[in-house]
Amino acid sequence: MRATDSLETLLSVQTLDKKFADLERRRDEIPSVKADVSREITALEHERAERAEALEQVRLDRRRHEGELEMQQEHLARYERQLGDVKTNVAYSALLTEIQGTRRAISELETEILEEMERREAIELRIREIDTELLQKRAAAADTLKELDEEQGSVEREMAALESRRNGMVSEVSPNLYRLYDRLRRGRRFPALVPLRGNACGACHGRLPPQVIREIQHDGQLHPCENCGVLIYIRPGADAAGDDSEQGAEPGGTAARGAEAPRA
Ligand SMILES: [Zn+2]
């Protein structure tokens with residue numbers, strides 16, 4: 001196929017398509033970035049609710065233990081009053097045993113209450129930390145989420161602009177050539193247009209028959225690579241003899257950007 005006239009334009013289309021694909025990727029990525037930003041906050045809120053529940057449990061335990069302590073202290077006072085009234089040694093020593101048991105119970109309850117106070121303090125400290133962190137994270141997230149929303153809007157606007165520019169360009173490319181390109185692109189063969197590199201395909205580096213190279217070099221023809229299927233091209237007047245820097249690794253980049261210049 002003779003495609004020299006359309007080639008420059010199609011290369012520009014390919015550059016736009018590359019840009020478009022990058023924008024599309026970013027657009028699709030933004031929702032999950034937003035979810036990540038909110039995820040930390042949700043986790044902290046969840047932890048705070050758990051801590052608050054634990055705090056309530058400690059408060060209930062402590063109140064119960066304080067009630068029990070008060071009761072044991074009343075028992076102890078009563079036993080101590082009774083000490084003066086007992087008549088027999090047996091009764092006296094039985095009462096002493098009761099007093100010892102009650103004192104032990106009181107001591108255990110006091111220890112538990114002390115531990116509950118410490119536990120409460122630790123939980124309250126963590127809740128204060130969480131509240132500070134939540135305050136900061138919510139403020140930071142609000143900014144980040146706003147930025148992401150703005151970015152999403154600008155990405156979508158840029159995509160729309162590229163699309164209308166692209167439509168104008170495509171109308172200048174010969175329909176047959178564009179169909180070839182579009183089929184490759186839709187088949188995820190991208191970039192679809194790849195420069196000849198030395199005697200090889202710029203995409204898969206497969207060597208091309210001399211006849212094919214002559215066609216590409218001298219007649220300005222595009223030729224499908226039999227190995228990987230891309231369309232191999234050389235710009236009229238360009239020298240493909242191993243010039244990697246100009247025609248090399250990024251066919252959609254350097255080469256095609258140059259093609260836009262005379263049209264701008
Ligand atoms: Zn190839």
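I'm counting two residues as in contact if their C-beta atoms, placed from the backbone, lie within 7 Å. Also noted: this is a predicted model.

**Entry 1: Tyr233**

I started with Tyr233 and skipped its neighbours within four places in sequence. What is Tyr233 in contact with then? I got Leu7, Leu193, Pro195, Leu196, Ile216 and Leu222.

**Entry 2: the core**

Next I looked up the largest nonpolar core, which has 21 residues. Tyr233 turns up again here, in the group that touches the most other members. Leu10, Leu193, Cys201, Val230, Leu231 and Ile232 are in that group too. Which elements give two or more residues to this core? They are α1, α3 (175-186), β1 and β4 (231-233). The largest share is four residues, and it comes from α1.

**Entry 3: the sheet**

Then I went through the strands. Four of them form an open sheet, and I wrote down the order as β2-β1-β4-β3, with mixed pairing. I zoomed in on β1 (residues 193-197) and β2: they run antiparallel, and two bridges join them. Arg197 has its bridge partner in β2, and that partner is Ala200.

**Entry 4: helix α4**

Is helix α4 largely in the open or tucked away? I checked its 10 residues, 210-219, and the number buried is zero, so α4 lies largely in the open. Just after α4 I found Gly220 with a positive phi of about 65°.

**Entry 5: His65**

I found His65 in helix α1, which covers residues 4-83. How exposed is it? His65 has 18 C-beta neighbours inside 10 Å, so I put it down as partly exposed; buried would need 20 or more. Not counting residues up to four places away in sequence, His65 touches Leu109, Glu112, Ile113 and Glu116. I also looked at Glu110: it is 45 residues from His65 along the chain, yet their C-alpha atoms are separated by 8.3 Å.

**Entry 6: Ala160**

Last stop, Ala160, in helix α2 (residues 89-170). Is Ala160 buried or exposed? Ala160 has 10 C-beta neighbours inside 10 Å, so it counts as exposed, the cut-off being 12 or fewer.

Note on methods:
Residues are numbered from 1 along each chain as its sequence is written. This is a predicted model: local features need pLDDT of at least 70, side-chain atom pairs count only at pLDDT 80 or more; totals for chains, interfaces and linings use all residues. Two strands pair if DSSP finds at least two bridges between them. A nonpolar core is a set of buried Ala, Val, Leu, Ile, Met, Phe, Trp, Tyr and Cys residues joined through C-beta atoms within 7 Å.
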